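Thank you for asking me to look over this structure with you. My notes are set out below as numbered points, to be read beside the sequence and the coordinates.

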Amino acid sequence: MFPCRMRIGLLRRGYSRTGGAEAYLKRFAQELAKRGHQPVLLTCKEWPKEDWRGEIVRIDTQSPAEFAKKCMERRPDYDLFFSMERVPGCDVFRAGDGVHKSWLERRARLDPAWKRWTYRLNPKHGDMLDLEKKLFSDEGVKRVIANSKMVRDEIIHYYDFPADRIDIVYNGLPFTTPSLPHDKNEIREQWKLPPTKTLALFVGSGWNRKGLRFAVRAINQFHEVDLVVAGRGEADEFKSPNVHFLGPVNDIASLYAACDLFILPTIYDPFSNACIEAAAAGLPVITTNANGFSEIITPGEHGEILSRPDAIDEIMQALRKWTSEEKRNEARPKILELASGFSIQRNVDETLAVIEACNRNSETKAD
């Protein structure tokens with residue numbers, strides 16, 4: 001029988017205070033605990049104790065391969081391993097970071113030739129590709145959760161992994177009905193943002209992957225909109241009178257209320273949490289077809305989908321369309337309705353169904 005109470009190891013090696021994967025894992029663990037399970041985080045020393053409600057097991061290594069090895073040595077202490085890292089031998093792998101092989105190929109299309117050569121010199125990429133290949137082998141993992149159809153199709157394409165062992169479970173949020181932005185002017189004053197300008201919000205770290213340079217390039221040519229950037233990165237190379245860098249922000253909800261639309265011209269995002277958060281605040285979202293989030297929106301109704309991250313003309317056209325306050329107000333109820341269907345409760349229900357199926361299959365094989 002499927003255990004009523006399971007000790008579930010949650011595997012995540014890295015840490016970013018503003019990272020979407022970390023935010024998801026915390027929400028998921030809270031829901032697991034509410035349902036009577038015992039989630040335990042297996043991670044490296046970077047994850048601070050105060051940012052985790054529950055038990056933490058530290059794995060003392062910076063190497064992805066060593067982390068995978070040391071985690072599997074602890075496997076007998078748990079009923080199930082739910083991994084967000086490429087750990088061959090885990091029970092369920094949530095491919096929240098996507099497919100590394102696909103990321104490298106997408107990146108190579110935009111990087112100059114000299115930079116593409118550096119990929120080969122960086123041992124991290126070789127280690128990740130080796131782990132990924134082992135993970136998606138016949139015995140590497142029992143079931144895979146992809147957070148978009150895009151990621152599912154990439155796993156099948158690159159590694160010929162069986163489609164019937166991949167489940168699509170979209171990201172989820174702890175949904176609450178957002179308040180109307182009646183305090184927008186006050187919030188803008190607090191952040192020292194222009195009181196009357198149309199503001200496009202960009203949220204996240206890893207600015208190269210998320211395409212910040214393309215957003216800045218478009219904003220610098222389309223002066224009717226200013227760009228607000230929240231997240232960690234080197235701002236000097238992007239400085240512009242039309243771009244406002246706020247650094248890491250704890251109260252991100254206030255920025256959603258202060259801004260008018262959301263932009264993420266990402267090179268690769270399996271399914272952006274920031275995009276669904278923006279939609280939950282009623283903001284139209286401009287992103288690329290390399291973002292799994294784009295699968296759930298209708299262009300012109302919930303935002304726009306760009307054909308390429310560097311399609312500056314497309315970005316400018318999208319910005320021009322959504323500068324209309326009338327259009328944003330008309331779209332807001334539809335955007336809120338869309339976001340309300342992607343709750344963390346739904347995500348956990350679907351994820352636990354995958355875990356239960358994994359457990360049943362294991363018992364059947366054992367019999």
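The points that follow begin with the chain as a whole and then turn to individual residues.

1. The model is predicted, and the remarks here should be read with that in mind. In its secondary structure, the chain comes to 14 helices and 13 strands. The radius of gyration is 21 Å, close to the 21 Å that the globule rule gives for 367 residues, so the chain is as compact as a globular protein of that length.

2. As for dimensions, the C-alpha trace spans about 65 × 50 × 35 Å along its principal axes. Of the 367 residues in the chain, 54% are buried. When contacts with a separation of 6 or more are considered, 64% of them are between residues 24 or more positions apart.

3. D160, although not a glycine, has a positive phi of about 55°, and its place is in the loop between helix 6 (149-159) and strand 7 (166-168). With a relative accessibility of 67%, which is over the 50% cut-off, D160 counts as exposed.

4. K192 is likewise not a glycine and has a positive phi, in this case of about 60°. K192 lies in the loop between helix 7 (184-191) and strand 8 (198-203), and its relative accessibility of 72% makes it count as exposed.

5. Is R86 buried or exposed? This residue lies in the loop between strand 4 (80-83) and strand 5 (90-94), and with a relative accessible area of 6%, R86 is buried, because that value is under the 20% cut-off.

6. Which residues does the side chain of R86 meet through polar atoms? A polar contact of 2.9 Å joins the side chains of R86 and E132, while a polar atom of the R86 side chain lies 3.2 Å from the backbone oxygen of G98. Leaving aside residues up to four places away in sequence, R86 touches A68, F93, D97, G98, V99, H100, M128, L131, E132 and L135, a list that includes both G98 and E132.

Technical notes
Residues numbered from 1 in each chain as written. Predicted model: local features only at pLDDT ≥ 70, side-chain atom pairs only at ≥ 80, totals over all residues. Heavy atoms only, no water. Helix = DSSP H or I, 4+ residues; strand = E, 2+ residues; numbered from the N terminus. Rg over C-alpha atoms; globule rule 2.2 N^0.38 Å. Buried < 20%, exposed > 50% of the residue type's maximum accessible area, 1.4 Å probe, protein only. Contact = heavy atoms within 4.5 Å. Polar contact = N/O pair within 3.5 Å; in protein donor to acceptor, adjacent residues only side chain to side chain.
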